[in-house]
Amino acid sequence: MVSLSPALRGGVRSPRGLAALLYALVLLAQLAQAALVPLLPQIVEAHRLSTAVTAALIAAPGAATLAVALPAGVIADRLGARRVTLAAAALLTAGVLAQAAPPLGVLIAGRIAFGIGYGVVWTTAVAWIAQSAAGGDGAARRLAAFVTSAAVGMAAGPAFGAVVAARAGLGAPFVAVGIAAAILTLVLATTSSETSPQPAPDAARRGTLKAIARARSGLAAGALALALSGATNAVVQLLVPLQLHRAGASTESIGLAFSCAAALYIGVSAVIVRLGRRAVTPRTNALAALLLALALLPAGSIGTAAAVLATLMLTVAPRATVSTIAYPLATGDAARAGLGQGAAVGILNGAWAGAMVAAPFAAGALSGLAGMRVTWLATLAAGMLGALWLLARENRTPAPAAA
């Protein structure tokens with residue numbers, strides 16, 4: 001007979017066991033998100049989609065996340081993160097399975113439902129871990145490891161989607177992930193328990209806006225850097241597959257390129273987790289944002305398939321740095337201001353989602369009018385402006401102690 005680990009016997013009681021299940025949930029969510037990337041050229045050809053509609057497929061989860069991130073965080077602060085996370089996990093599962101259906105309308109509806117569940121899970125699961133984590137370096141590492149876990153799904157997603165779709169059809173990757181997500185949701189529902197006391201609803205309602213106003217550099221810097229990262233990632237996901245496909249690359253080759261980039265992302269994120277509080281600083285955040293913008297130069301200045309691949313790889317390290325430190329940087333600042341962890345994470349995810357919504361549509365429209373190289377350069381210019389603002393703000397404001 002197989003014996004359960006101490007973390008799972010009689011329900012998830014340790015923060016580590018609970019975190020492991022939540023890491024697995026976000027890994028599956030990211031796997032489903034990334035699996036679509038190498039399938040885009042085939043979906044475009046099958047449905048004869050315009051660039052704008054293709055951008056909508058990428059932006060749908062971001063649009064849903066934008067709508068739900070902050071409300072989900074506030075609700076989780078008042079009602080408890082567990083019940084909100086479980087409901088979102090069920091919706092996420094349904095959305096993933098819907099994406100396996102052939103009709104375009106069902107695919108888009110599935111992307112929206114998936115995006116709602118994805119946005120809530122990313123907000124409430126992070127808040128759940130933040131509430132259960134010990135203070136100091138342990139808290140920073142546990143929050144940062146959430147991003148590393150998502151990166152594993154991001155790494156496996158493109159190759160997984162390409163290989164499974166090539167052998168079993170375009171819908172097969174989503175069926176496989178949906179079944180796995182359903183099983184994990186049932187495990188969470190039957191073994192997990194609330195790990196922190198629920199705050200008083202009236203106090204939370206009165207204090208949220210005042211606490212947001214009190215939160216300073218960490219929350220603002222994390223939100224802006226995540227927005228820049230999300231916008232850049234959306235443009236990369238939209239333009240790189242299309243440019244490589246036009247250059248003659250196969251779906252499997254495109255998936256392999258994205259998986260290699262994501263594997264590097266995991267390595268960089270793991271290093272940041274290992275560094276802990278030493279890496280969680282506003283200066284690191286600002287410098288990573290600057291490097292992220294500069295990484296778009298090859299695609300913008302040369303535009304060849306090799307240059308596009310170079311940009312894909314060069315964006316990895318700064319994106320991994322920004323994403324890994326954003327949550328501990330912002331939640332530490334929010335805690336000092338008296339802001340709930342759910343609301344803080346909701347602000348971060350809302351900033352990321354807003355960029356993920358706007359960037360694909362802007363990039364799709366601009367590439368149709370002026371070409372892809374101009375689109376890369378415009379994204380670079382926007383990123384440079386944001387990074388320079390972060391650097392100027394960091395030089396004016398003393399850095400707070402890391403969480």
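Tyr 118 and Trp 122 share helix 5, four residues apart, about one turn of the helix. Helices here are DSSP runs (H or I, at least four residues), numbered from the N terminus. This is a predicted model: local features need pLDDT of at least 70, side-chain atom pairs count only at pLDDT 80 or more, and totals for chains, interfaces and linings use all residues. Residues are numbered from 1 along each chain as its sequence is written, and side-chain values use heavy atoms, with hydrogens and water left out.

Stay in helix 5 (residues 104-132). Phe 114 and Tyr 118 are also four residues apart there, so about one helical turn separates them. Phe 114 is buried at 0% relative accessible area. Buried means under 20% relative accessible area, using a 1.4 Å probe and protein chains only. Tyr 118 is buried too, at 3%. The rings of Tyr 118 and Trp 122 have centres 6.5 Å apart and planes at 55 degrees, so this pair is tilted. Rings of Phe, Tyr and Trp (its six-membered ring) pair if their centres lie within 6.5 Å; planes under 30 degrees apart are stacked, over 60 edge-to-face, and the rest tilted. The structure holds two aromatic pairs. Phe 114 and Tyr 118 are tilted as well, with centres 5.4 Å apart and planes at 40 degrees. Ring pairs link Phe 114, Tyr 118 and Trp 122 into a cluster.

Now move to helix 9 (residues 217-246), where Leu 239 sits. Leu 239 is buried, at 0% relative accessibility. Beyond its neighbours within four places in sequence, Leu 239 is in contact with Met 372, Thr 375 and Trp 376. Contact means heavy atoms within 4.5 Å.

Conventions. Helices (H or I, at least four residues) and strands (E, at least two) are DSSP runs, numbered from the N terminus. Buried means under 20% relative accessible area, exposed over 50%, partly exposed in between (1.4 Å probe, protein chains only).
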